[in-house]
Amino acid sequence: MTRLAVENPTMWEYETLRLESLVTANDDQDRRSVVRNANGDEIFASGSARVAAPQVSTSAAIYDSGGVVGEVTITRSLRETLQLTVAIFGLSASLAIAAFMVLTTLPLRLLRAATDRAAFLASHDPLTGMPNRSLFNEWLSLSVSDAERCGATMAVLCLDLDHFKEVNDILGHAAGNELLRQVTARATAALRKNDILARLGGDEFAIIQKHCDQPAGATKLSERLIADLSLPFDLDGNEVLIGASIGIALRDGGGPQGHDAQALLRRADLALYKAKMDGRGAFRFFEERMNDKLVSRKRMESDLRQAILRDELKLHYQPQVDLNTNEIKGVEALIRWYHQDRGLIGPDEFIGLAEETGLIVSIGEWVIREACRQATEWPDLSFAVNVSPVQFRNGNLVEIVRSALQEEGANPARLELEITEGVLLAQTDQSIDTLLALQAMGVRIAMDDFGTGYSSLSYLRRFPFDKIKIDKSFITGLGTCSDADSIIEAIIGLGASMGMTSNAEGVETADQVDLLRKHGCNEVQGLFFSLPLPSESITELMSDWEWNKKAEPQGNIEKRAV
């Protein structure tokens with residue numbers, strides 16, 4: 001049949017149905033199929049008459065019994081494929097662009113945010129969010145330059161919180177941090193928009209005040225700050241009262257140049273010291289006449305920090321005489337500072353500074369250890385050491401005393417620690433616990449300057465002191481002032497009734513010795529017997545002491561001792 005159809009094309013019509021079913025099975029509007037015979041004549045066609053461009057045509061021969069009997073040509077449109085390809089490409093490109101933007105922009109934003117955060121932390125205080133010292137110094141330099149260029153006045157204020165350390169010691173550092181945040185909020189509220197507040201460190205703040213009439217502007221601001229910071233603070237239910245001291249330095253627009261930023265800051269700091277020395281809770285302007293004194297104080301502080309390393313501190317000892325046996329019973333250690341340039345400096349000139357700056361902690365530890373070491377030269381004598389309230393707040397006094405005694409092999413019963421009531425004014429319970437721990441070691445505790453405070457008697461009830469020392473201000477009037485005689489007699493009687501030894505300081509005459517013996521005083525010390533002496537002179541003094549041959553002490557003992 002196929003061969004006949006090839007030879008006779010009219011026979012194709014018998015095959016049309018079969019070929020059509022095969023060729024047109026997948027025809028649609030974007031496809032056209034054409035079947036031709038061996039002569040190239042079109043037998044039939046199916047599908048769309050016009051196939052949309054672009055097109056692709058595929059031809060294949062039709063075989064029968066090994067011979068070519070025709071050809072089928074299929075033409076189809078690539079439009080749908082192209083559209084799909086374009087769509088896929090567009091989607092892929094969009095996804096790629098989005099991924100690129102995310103992968104490039106997000107890390108940059110994160111990096112920028114991290115960089116900004118690092119820069120903020122480098123120039124701001126993380127606790128309060130205020131500019132730190134570094135950024136403040138930059139702004140201060142710019143402000144001074146701007147004031148010089150415009151011929152304007154400006155002020156720098158240094159602010160220090162009063163009693164901030166007590167808040168930290170009593171309520172803890174968390175409360176101290178909260179107090180700093182509240183102080184910052186109040187101080188910020190008191191400032192104008194163009195004033196600059198910074199936290200320099202600890203409880204120290206600084207303010208730059210520009211574009212304001214001076215000194216009126218600084219005065220009003222200081223008064224406002226002191227008033228606001230004197231109001232109570234609420235720290236987790238605890239009402240806290242502090243205060244502020246302020247030092248002010250002015251740059252006069254019409255004054256001489258050279259008032260650079262750091263010079264202004266130093267002057268404000270010196271004025272702050274003056275305000276604190278005058279009683280706190282006040283403000284002071286820098287004045288040239290105060291410069292020498294305050295600079296000298298700063299220099300002394302710096303020298304005092306090096307005094308121990310330079311071996312400039314020495315201990316002198318004043319004998320304590322037993323009035324019952326007329327023998328030297330013990331000595332009191334008194335510190336002296338032999339400055340490399342100024343010579344001998346008395347304790348009245350530097351002990352207050354040491355307590356204010358905290359240097360008394362290291363100096364006090366050195367005194368305890370040095371006294372324990374030197375006391376081994378006179379094993380029969382007790383030795384007394386004065387202890388500052390600051391050493392009690394440091395928290396490790398018991399361990400320092402125990403370590404010093406153990407290192408030198410000294411009997412704790414020989415050591416006597418002298419304290420003033422200032423030790424008990426703050427943190428009374430903690431201080432008493434420390435005193436009890438020292439007493440448990442065998443150390444004796446004496447109350448120094450008894451009678452000069454307002455609550456000495458109450459402390460005698462709370463703690464069993466071993467000794468009370470009568471202040472020399474009462475001894476001066478002994479025998480000439482009936483009130484002094486009555487007070488001394490009462491103190492001695494009080495001590496005796498409570499089992500405490502009585503000691504009189506500042507004894508300078510034989511009449512005072514006689515009266516104290518008459519009143520029943522146990523011990524005396526003062527210039528009548530001896531000046532404070534270096535450790536090497538104590539042994540010599542004891543060897544020359546001839547009490548067994550004298551019923552009463554003689555004034556020439558002092559001359560021989562010295």
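Before the first sheet, I noted the pairing rule: two strands pair if DSSP finds at least two bridges between them. I also kept in mind that this is a predicted model.

**Entry 1: the four-stranded sheet**

I found an open sheet of four strands, paired antiparallel, in the order β2-β1-β4-β3. The edges belong to β2 (42-47) and β3 (55-64); each has a single partner strand, so one side of each has no neighbour in the sheet. From one strand to the next, the twist averages 15°. I then checked how β1 (residues 31-37) is joined to β2: the two run antiparallel and share five bridges.

**Entry 2: the five-stranded sheet**

I moved on to an open sheet of five strands, where the pairing is mixed and the order is β6-β7-β5-β10-β11. Here β6 (196-201) and β11 (283-285) stand at the edges with a single partner strand each, so one side of each is left without a neighbour in the sheet. On average, neighbouring strands of this sheet are turned by 20° against each other, direction ignored. I counted five bridges between β6 and β7 (residues 204-210), which run antiparallel. Within this pair, A198 stands opposite A206 of β7.

Which strands does α4 touch when it packs on the sheet? I listed β5 (154-161), β6, β7 and β10 (244-251), and the direction of α4 makes about 25° with that of β7. I also looked at α7 (residues 216-229), which lies across β5, β7, β10 and β11 and runs at about 165° to β10.

**Entry 3: helix against helix**

A reminder to myself: two packed helices are described by the angle between their axes and the distance between the axes.

I began with α5 (residues 164-171) and α6 (residues 173-190), whose axes come within 6 Å and cross at roughly 140°. The two helices are therefore oblique to each other. On the α5 side, the contact is made by F164, V167, N168 and L171, and on the α6 side by H173, A175, G176, L179 and L180.

Next came α4 with α8 (residues 261-277): their axes come within 9 Å and cross at roughly 115°. That makes α4 and α8 roughly perpendicular to each other. In α4 I marked R133, F136, N137, L140, S141 and V144, which meet A261, Q262, L264 and L265 in α8. This contact divides into six nonpolar, three polar and one charged residues.

The largest cavity has a volume of about 40 Å³. Its lining is D146, A147, C150, A152, T153, M154, K210 and H211. Helix α4 (residues 133-150) gives the most to this lining, with three residues. I sorted the lining of the largest cavity into four nonpolar, two polar and two charged residues.

The second largest cavity also comes out at about 40 Å³. Around it I found V361, G364, E365, Q391, N394, N396, L397 and I400. The elements giving two or more residues to this lining are α11 (360-374), α12 (389-394) and α13 (397-408). Of these, α11 gives the most, with three residues. By class, the lining of the second largest cavity has three nonpolar, four polar and one charged residues.

Definitions and conventions:
Residues numbered from 1 in each chain as written. Predicted model: local features only at pLDDT ≥ 70, side-chain atom pairs only at ≥ 80, totals over all residues. Heavy atoms only, no water. 1 Å grid on protein atoms, 1.4 Å probe; cavity = no way out; pocket = protein on both sides within 12 Å on 5 of 7 lines; lining within 4 Å. Points joined across faces, edges and corners; volume = space filled by probe spheres on them. Nonpolar A, V, L, I, M, F, W, Y, C, P; charged D, E, K, R; others polar. Axes fitted to C-alpha atoms, helices over the stretch in contact; angles between N-to-C directions. Parallel < 35°, antiparallel > 145°, perpendicular 65-115°, else oblique. Contact = heavy atoms within 4.5 Å.
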